[in-house]
Amino acid sequence: MSLKQECIDIINLITEPLKKDEYDLYEIETDSMRDICELTGEDVTYGDCFECEHYGNCKYKKPVKVDVSFWDYADFQRNYVFAKKPSVSKGICYINNRKQLMAEMSQFKKEIDQYKDYYAEFGEQYSDFIEYAKEFGDKLKQEYSFFENMSTDILPIVFHTDFAKDSEGKTNYAKRGNFTSIGKQNMINVYYCMDDLEDTKRNIRHELLHYFLYMSDMKHLDDDAIFHYLCGIYDAHAYKEMGEEEQVLYDKLIFGIPELEKKCKELNCKDGAFKNNRDGILLVTGRNRDDFSNKELYDYGMKILSMIYEVKEVDVTEDSNN
């Protein structure tokens, strides 16, 4: 019996007991062409690589002929080539004797057993994460008028159990999520989502704020004042320093909005007055003046914010004089 046929038979013996329901699918292909990423070594034959910066114009996707290819219709993949003089490609397992085959099959069984247990838990958590993202999105819609037209029925969010990769295919341990937009297609990625539940929820809030602001035609980057303000409200970890202009706007927001709420309570304003004025302030700080068709509305919102902030400066002067 050839090493190739023995490999196929052993894989079938390992995977057959794991088929517990109709969704436990495994596929073995022989003599097939696979697309391998030269940066990461990953099999990207069935992946669109949307989150990669080389997406759409990739020079790293390399077609490789393999003898045996295994795929579980998710993330567990193995590609084997039986050759005495392999032309080494990253991500391909080369086997040229039975001892190597037995060692690989032993490791294959160990990893797929661990993988099945891990991803059974991941499947349960995935639906919980999606539900949490929807609930948080609905909360934003209810709280802020400029988000009220957002849809949370289908959110473009994908959860990953592994870490992110940088442009060279190296693991990026610092990045726990990102929001990308290419043309009309948006994508939210949340990485390493099974490590810490609360940290993952924080990452979800962070990336959804990016997405909601972007879809509302507002400033949405990590160094924008309105993003920092909302991250502070929802414990969403805004980590990037702001430039001087955005920092000034942020300082005005964190003082001005609580002061506005205080004044509305003192004056016993009508229901909704605070939220309407607050949203007006957030709207003008979240856009540039050129983006407003109604320049008077923009100027009015900035005037309110500046007037409130001037109260702080007067109070500080008076305190120092005393």
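Residues are numbered from 1 along each chain as its sequence is written, and side-chain values use heavy atoms, with hydrogens and water left out. Because the model is predicted, local features need pLDDT of at least 70 and side-chain atom pairs count only at pLDDT 80 or more, while totals for chains, interfaces and linings use all residues.

## Overall content

The protein has seven helices and nine strands. Both are DSSP runs, numbered from the N terminus: helices are H or I with at least four residues, strands are E with at least two. Of the 322 residues, 42% count as buried. Buried means under 20% relative accessible area, exposed means over 50%, and partly exposed lies in between (1.4 Å probe, protein chains only). Contact means heavy atoms within 4.5 Å. Among contacts between residues at least 6 apart in sequence, 61% join residues at least 24 apart.

## The four-stranded sheet

Four strands form an open sheet in the order β1-β2-β3-β4, with mixed pairing. Strands pair if DSSP finds at least two bridges between them. In general, strands of a sheet pair through backbone hydrogen bonds, either parallel or antiparallel. β1 (27-37) and β4 (93-95) are the edge strands, each pairing on one side only. On average, neighbouring strands of this sheet are turned by 50° against each other, direction ignored. Axes here are lines fitted to C-alpha atoms, for helices over the stretch in contact, and angles run from 0 to 180 degrees between N-to-C directions.

β2 and β3 run antiparallel and are joined by four bridges. Their hairpin has five residues between the strands, and Y73 takes a positive phi near 65° there. β3 (residues 77-82) pairs with β4 in the parallel sense over three bridges. In that pairing, F82 stands opposite I95 in β4. Helix α1 (residues 3-15) lies across β1, β2 (61-71) and β3, and runs at about 65° to β2.

## β3 and Y80

Six of the six residues of β3 are buried, so the strand is largely enclosed by the rest of the structure. Q77, N79 and V81 point one way from β3, while R78, Y80 and F82 point the other way.

Y80 lies in β3. This tyrosine counts as buried because its relative accessibility is 0%. V68 stands opposite Y80, and Y80 in turn stands opposite C93 in β4. Leaving aside neighbours within four places in sequence, Y80 is in contact with C7, I11, V66, D67, V68, C93, I95, E104, M105 and F108. The C-alpha atoms of Y80 and K4 are separated by 8.6 Å, although the two are 76 residues apart along the chain.

## Helix α5

Helix α5 (residues 244-266) has 23 residues, and at 1.5 Å a residue it should span 33 Å; its end C-alpha atoms are 33 Å apart, which agrees. The expected span is 1.5 Å times one less than the number of residues. A kink of about 25° lies at G256, shortly before the proline P258. The bend at a residue is the angle between axes fitted to the seven residues ending there and the seven starting there. Buried residues of α5 include Y250, F255, G256 and L260. N268 follows the helix and has a positive phi, near 55°.

## Salt bridges

The structure holds 16 salt bridges. Each is a side-chain nitrogen of Lys or Arg within 4 Å of a carboxyl oxygen of Asp or Glu.

| Pair | Closest N to O distance |
|---|---|
| D113 and K109 | 3.0 Å |
| E266 and K263 | 3.8 Å |

D113 and K109 both lie in helix α2 (residues 98-143), four residues apart, about one turn of the helix. D113 counts as partly exposed at 27% relative accessibility, and K109 does so at 42%.

R202 and D199 both lie in helix α3 (residues 197-215), three residues apart, again about one turn. R202 is partly exposed at 24% relative accessibility, as is D199 with a relative accessible area of 21%.

E266 and K263 are three residues apart in α5, so about one helical turn separates them. K263 is partly exposed, with a relative accessible area of 36%. Salt bridges that share partners also join R176, D199, R202, R205 and D235 into one network.
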